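The following report describes a single protein chain and is meant to be read beside its sequence and coordinates. Please keep both at hand while following the residues discussed below.

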Amino acid sequence: LLVVWPAGAESARLVAEMGDAHFRPPLGPKQRDALACASKVVLLRPGDLFLCSGGVAHATISASEELTVTGYESLVTLNSKHVEHFLQTGSTCGPGALVCGVMQSEELQELRSGVLQRLQFLVDEALSKRTADADVSKLACSV
């Protein structure tokens with residue numbers, strides 16, 4: 001089972017109220033209330049793959065005799081909503097500020113710097129390829 005709550009104030013509230021709470025039967029009133037405000041509740045089957053962007057409250061439950069593996073990795077697409085969420089990670093105030101479960105500020109700064117460097121490399125590479133392709137097209141047209 002994968003449960004995800006909305007980014008921002010709702011996730012911050014749940015992290016503050018629930019911390020690292022375990023959701024196991026029988027669920028108490030706090031857990032039931034938390035599940036009621038989830039943005040997604042998904043049944044995962046053996047072999048399923050899921051990606052979380054990080055920075056949102058989430059819970060996973062394995063209810064299978066099969067081997068399950070869960071890994072955590074930040075996923076940031078170029079969608080403006082995802083970039084904005086990534087840039088707000090580590091905020092100490094505001095609606096999305098989390099009190100725990102956030103990277104250390106030095107590590108977060110290194111991650112942001114690495115993402116920026118990689119994006120700049122990809123932009124430079126794409127522009128270089130576009131220029132090379134345009135040069136080849138000009139040669140082909142002049143022959």
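Gln31 is buried, with a relative accessible area of 17%, where buried means under 20% relative accessible area, exposed means over 50% and partly exposed lies in between, with a 1.4 Å probe and protein chains only. This residue belongs to helix α2, and its side chain reaches the backbone nitrogen of Gly28 at 3.1 Å; a polar contact of this kind is a pair of N or O atoms within 3.5 Å, of which, within protein, one must be able to donate a hydrogen and the other to accept it, and residues adjacent in sequence count only if both atoms are side-chain atoms. Leaving aside residues up to four places away in sequence, Gln31 touches Met18, His22 and Phe23, contact being defined as heavy atoms within 4.5 Å.

The model is predicted, so local features need a pLDDT of at least 70 and side-chain atom pairs count only at pLDDT 80 or more, while totals for chains, interfaces and linings use all residues. Residues are numbered from 1 along each chain as its sequence is written, and side-chain values use heavy atoms, with hydrogens and water left out.

**Overall layout and confidence**

The secondary structure comes to four helices and three strands, and from the N terminus on the elements run β-α-α-β-β-α-α; helices (H or I, at least four residues) and strands (E, at least two) are DSSP runs, numbered from the N terminus. Of the 143 residues of the protein, 15% count as buried, and among contacts between residues at least 6 apart in sequence, 66% join residues at least 24 apart. The average pLDDT, which is the predictor's confidence in each residue from 0 to 100, is 79, and 78% of the residues score at least 70. Confidence is highest in α2, at a mean of 91, and lowest in strand β3 (residues 58-60), at a mean of 69. Where pLDDT is low, the predicted coordinates should not be read in detail.

**The nonpolar core and its aromatic pair**

Which residues make up the largest nonpolar core? The ten are Val3, Trp5, Leu14, Val15, Met18, Phe23, Ala34, Ala38, Ala57 and Ala59, a nonpolar core being a set of buried Ala, Val, Leu, Ile, Met, Phe, Trp, Tyr and Cys residues joined through side-chain atoms within 4.5 Å. The largest share of this core, three residues, comes from α1. Leu14, one of the core residues, touches Trp5, Gly19, Ala34, Cys37 and Ala57 when residues up to four places away in sequence are not counted.

The structure holds one aromatic pair, in which Trp5 and Phe23 are tilted, with 6.2 Å centre to centre and 40° between the planes; rings of Phe, Tyr and Trp (its six-membered ring) pair if their centres lie within 6.5 Å, and planes under 30 degrees apart count as stacked, over 60 as edge-to-face and the rest as tilted. Trp5 lies in the loop between β1 (2-4) and α1, and Phe23 in the loop between α1 and α2 (29-36), so the pair ties together parts that are 18 residues apart in sequence. Trp5 is buried at a relative accessible area of 5%, and Phe23 is also buried, at 16%.

Ser11 is placed in helix α1 and touches Trp5, Pro6, Val56, Ala57 and Leu98, not counting residues up to four places away in sequence. Glu10 is in helix α1 (residues 9-18) too, and Gly19 is found in the loop between α1 and α2.

| Residue | Relative accessibility | Class |
|---|---|---|
| Glu10 | 24% | partly exposed |
| Ser11 | 1% | buried |
| Gly19 | 38% | partly exposed |

The C-alpha atoms of Glu10 and Pro95, 85 residues apart along the chain, are separated by 8.2 Å, while those of Gly19 and Ala57, 38 residues apart, are separated by 9.4 Å. Pro26 is found in the loop between α1 and α2, and the peptide bond from Pro25 to Pro26 is cis, with omega near -10°.

**Around helix α3**

At the start of helix α3 (residues 80-88), a side-chain oxygen of Asn79 reaches to within 2.8 Å of the backbone nitrogen of Lys81. Gly90, whose phi is positive, near 90°, follows α3. Most residues other than glycine have a negative phi, and most peptide bonds are trans. Arg112 lies over the face of Phe86, at 5.9 Å from the ring centre; a charge sits over a ring if NZ of Lys or CZ of Arg is within 6 Å of the ring centre and within 35 degrees of the ring normal.
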